[in-house]
Amino acid sequence: MPPVGDAVESAEVMSRSWLFVPGDSPAKMNKALGAGADVIILDLEDAVAPANKPQAREATRDFLMAHKQERAAQIWVRINPLSTTFANEDLAAVVMAGPDGILLPKTDSGEDVRELDRRLNALETAFGVLVGHIKIVPIATETARSVFALNTYANVSQRLLALTWGAEDLPAAVGAASGRHDDGSLTDLCRMARSLCLAGAAVANVTALETVYPAFRDLAGLEAYAAKGRKEGFTGMLAIHPSQVPVINKVFTPTLEEVAYAQKIVDLFAANPGLGVVSVDGRMVDAPHLKQAQRILGLTRS
Ligand code: COA
Ligand code: MG
């Protein structure tokens with residue numbers, strides 16, 4: 001049996017909270033670094049008005065350069081969609097500063113990740129950045145077409161770290177007024193896209209990240225929503241405000257009880273290599289539970 005946690009990439013290990021910061025706001029960038037997020041995402045897309053994009057690219061690159069050596073968090077950049085002319089300008093500005101990854105919005109399919117992989121290969125080579133260093137997470141449910149292609153992300157790129165989804169752009173793409181009902185619950189289309197994101201991530205053998213919880217003053221609501229997401233299979237979550245970070249970190253960190261239970265499962269299978277199914281604390285445990293237990297132990301490694 002392989003050592004526990006081997007399947008979990010180290011970059012993935014501490015990627016519970018992903019805090020968005022507008023790419024044209026150096027003050028918020030500095031604040032974000034101290035927020036305790038595992039990842040901060042400097043946004044060049046929707047949070048930045050078209051007229052501010054050039055200035056945002058510069059601020060984003062400067063911030064990455066200033067924190068090249070010691071980073072309190074991973075620093076990622078959300079670029080504009082590949083179908084826009086902005087995307088190449090974003091990449092040309094930031095790749096030289098070696099971000100940890102690119103969040104790619106509005107992908108139609110895994111082919112978009114392949115395309116970004118190609119563009120990154122060329123730019124990393126040109127700028128002397130280790131080829132393959134920059135990881136990719138697509139926001140894989142933001143176009144109408146994307147919903148029918150969530151099973152296309154397997155084997156598209158070694159850079160693919162996770163899939164995530166969004167509840168803002170997809171409703172707009174089909175002419176819906178919103179992705180949420182008045183009580184905050186997701187529309188059927190969004191619930192379906194969210195589930196397909198989970199399944200698509202499993203097909204691609206990567207993790208899935210829950211989307212943002214927009215009501216950022218409602219931390220109790222956030223905690224309940226995040227806990228539901230974790231139970232359903234998400235391993236981390238996007239955030240829009242520093243106050244959301246501790247809540248997300250807490251929810252997506254396995255408890256001591258969960259770790260102890262997972263260890264029990266792993267130990268039992270290790271001690272009985274011929275067995276496919278065992279009993280733990282009166283419950284039947286087989287291959288999928290072992291996989292889950294290994295994942296929990298992997299997530300706690302730093
Ligand atoms: N990252 C870093 N700092 C942030 C922050 C963020 N995402 N959101 C808020 N802050 C800072 C504020 O600048 C403020 O700092 P200050 O006390 O030094 O002035 C402090 O946290 C408290 O902020 P608050 O007053 O509660 O919120 P706000 O009204 O200033 O901002 C938003 C609300 C939604 C505009 C802001 O949270 C934001 O910009 N979020 C990210 C938006 C984004 O990137 N969207 C794209 C993805 S959906
Ligand atoms: Mg958007």
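Tutor: Happy to! Helices α4 and α5 cross in a right-handed way, meaning that the near helix is turned clockwise from the far one by less than a right angle. This is a predicted model, where local features need pLDDT of at least 70, side-chain atom pairs count only at pLDDT 80 or more, and totals for chains, interfaces and linings use all residues. Residues are numbered from 1 along each chain as its sequence is written, chains are lettered from A and ligands numbered from 1 in the order in which they are written, and side-chain values use heavy atoms, leaving out hydrogens and water.

The angle between α4 and α5 is about 35°, and their axes are 10 Å apart; axes are lines fitted to C-alpha atoms over the stretch in contact, with angles from 0 to 180 degrees between N-to-C directions. Helices here are DSSP runs (H or I, at least four residues), strands likewise (E, at least two), numbered from the N terminus.

Who touches whom? From α4 come Ala87, Asn88, Leu91 and Ala92, and from α5 Leu116, Arg119, Leu120, Leu123 and Phe127, where contact means heavy atoms within 4.5 Å. These residues divide into 7 nonpolar, 1 polar and 1 charged.

Now look along α4 (residues 86-94): Ala87, Asp90, Leu91, Ala93 and Val94 are buried, that is, under 20% relative accessible area with a 1.4 Å probe, protein chains only. They cover an arc of only 165° around the axis, so they sit on the same side of α4; the arc is that of the directions from the helix axis to the C-beta atoms. Their cover includes α3 (53-66), β3 (74-78), β4 (101-104) and α5 (110-127).

Definitions and conventions
Buried means under 20% relative accessible area, exposed over 50%, partly exposed in between (1.4 Å probe, protein chains only). Ala, Val, Leu, Ile, Met, Phe, Trp, Tyr, Cys and Pro count as nonpolar, Asp, Glu, Lys and Arg as charged, and the others, Gly among them, as polar.
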